Amino acid sequence: MKSLTLIALTLALGVCQAAIIETETLAGNDRSVSSIITDKLEAMKVQMADGFPRFGIPPMAPLKVSHRDLNYETGEMRIMGQVDDVVINGLNEFEIRVMDYSAILSRIKYEFNFASLNLTTQYEADVGAGYHMERKGGAFMALEDLNIAGFIKYSTGLLPSSSFRVKQIDVRVKVGKVVSKIENLSKYRIFNRKLNEVIEEFISLTINDNTELLASWIDSAVTPMCNDLIGDRSLKDLIALITGGGSN
Ligand SMILES: *[C@@H]1O[C@H](CO)[C@@H](O)[C@H](O)[C@H]1NC(C)=O
Ligand SMILES: *[C@@H]1O[C@H](CO)[C@@H](O)[C@H](O)[C@H]1NC(C)=O
């Protein structure tokens, strides 16, 4: 999840930069830059179906993961298991509600809304929490009305060859509704439904009650990671990279 966030942010930044330069050469204003960024993002959504082979990024819409081990331990609770045939739907089905570029502030404000970001998988789990339970079956989970909003501030340096720097990434995540349909958590249907409700509540609270925490984690962890990825590249290099003109 963290690496996915990072890739998405880096691509988004690249897209924004490409758009900014393009309009600067056309002597565009902030409004037209915003609309070019929106167009680039719309194009990126389409491209997500095929992935970005040049960056080693596989098709992301849907995103398929054949197998993954899950090992999770917290306090009393231990989950060992695996998921197979994971399919994540909706990564490219977001609505761009706000895209607002300001040259003076070196800031891009954004708001994206995902109607449904969902996942289906087969799971096998060995859960221990004082007791011990082995379970397997199918699972469906969805985040509905997922809203991601915030801003990115950056500096470009004075010279064309100065490296591009991300100064602040503000990301606020809110989820409208969480759907959990994990089969076979219990052999009793009513209890199974209850367990899923607990999971829905837990995920919903984890996301909605930790907005500040997540925002500060992203800013403190992702900002330097983005800058690491960008390295000493200047705006010009970044654009070449994104538009395919570069050698790396
Ligand atoms: C899963 O997400 C996709 C993309 O947003 C959506 O079209 C589909 O209806 C969702 N599936 C379910 C079962 O909600
Ligand atoms: C539910 O889990 C039990 C225990 O692992 C397993 O024997 C059974 O086959 C599972 N049922 C389904 C429908 O997957």
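A salt bridge here is a side-chain nitrogen of Lys or Arg within 4 Å of a carboxyl oxygen of Asp or Glu. By this rule the count comes to eight salt bridges. Keep in mind on this tour that the model is predicted.

**Stop 1: helix α2**

Select residues 30-47. This is helix α2, and S34 lies in it. Now pick S34 alone. S34 is buried, with a relative accessible area of 8%. Show what surrounds S34. Leaving aside residues up to four places away in sequence, S34 touches M99, D100 and Y101. Zoom in on Y101. Its backbone nitrogen lies 2.9 Å from a polar atom of the S34 side chain.

Stay on helix α2 and select K45 and E42. These two form a salt bridge, with the closest N and O atoms 3.2 Å apart. How far apart are K45 and E42 in helix α2? They are three residues apart, so about one helical turn separates them. Color the pair by accessibility. K45 is buried, at a relative accessible area of 11%. E42 counts as partly exposed, at 35%.

**Stop 2: D100 and R107**

Return to D100, one of the residues that S34 touches. The side chains of R107 and D100 meet in a salt bridge, 3.8 Å from N to O. Which side of this pair is buried? R107 is, with a relative accessible area of 17%. D100 has 31% relative accessibility and counts as partly exposed.

**Stop 3: R172 and D170**

Select R172 and D170 next. Their side chains meet in a salt bridge, 2.7 Å from N to O. Here D170 is buried, with a relative accessible area of 11%. R172 is partly exposed, at 29% relative accessibility.

**Stop 4: a network**

Now select R193, K194, E197 and E200. A network of salt bridges links these residues.

**Stop 5: ligand 2**

Finish with ligand 2. Which residues surround ligand 2? They are E134, R135, K136, G137 and N184. The shell divides into no nonpolar, two polar and three charged residues.

Check the oxygen atoms of ligand 2 against this shell. A backbone N or O atom of E134 lies 3.3 Å from an oxygen atom of the ligand. A polar backbone atom of K136 is 3.2 Å from a ligand 2 oxygen. At N184 the side chain takes part: one of its polar atoms lies 2.4 Å from an oxygen atom of ligand 2. Switch to a surface view. Taken alone, ligand 2 exposes 360 Å², and the protein buries 46% of that.

Definitions and conventions: Residues are numbered from 1 along each chain as its sequence is written. Chains are lettered from A and ligands numbered from 1 in the order in which they are written. This is a predicted model: local features need pLDDT of at least 70, side-chain atom pairs count only at pLDDT 80 or more; totals for chains, interfaces and linings use all residues. Side-chain values use heavy atoms; hydrogens and water are left out. Helices (H or I, at least four residues) and strands (E, at least two) are DSSP runs, numbered from the N terminus. Buried means under 20% relative accessible area, exposed over 50%, partly exposed in between (1.4 Å probe, protein chains only). A polar contact is a pair of N or O atoms within 3.5 Å; within protein, one must be able to donate a hydrogen and the other to accept it, and residues adjacent in sequence count only if both atoms are side-chain atoms. Contact means heavy atoms within 4.5 Å. A residue is near a molecule or strand if one of its heavy atoms lies within 4 Å of it. Accessible areas come from the Shrake-Rupley method with a 1.4 Å probe; for residues, only the protein chains shown count as cover. Ala, Val, Leu, Ile, Met, Phe, Trp, Tyr, Cys and Pro count as nonpolar, Asp, Glu, Lys and Arg as charged, and the others, Gly among them, as polar.
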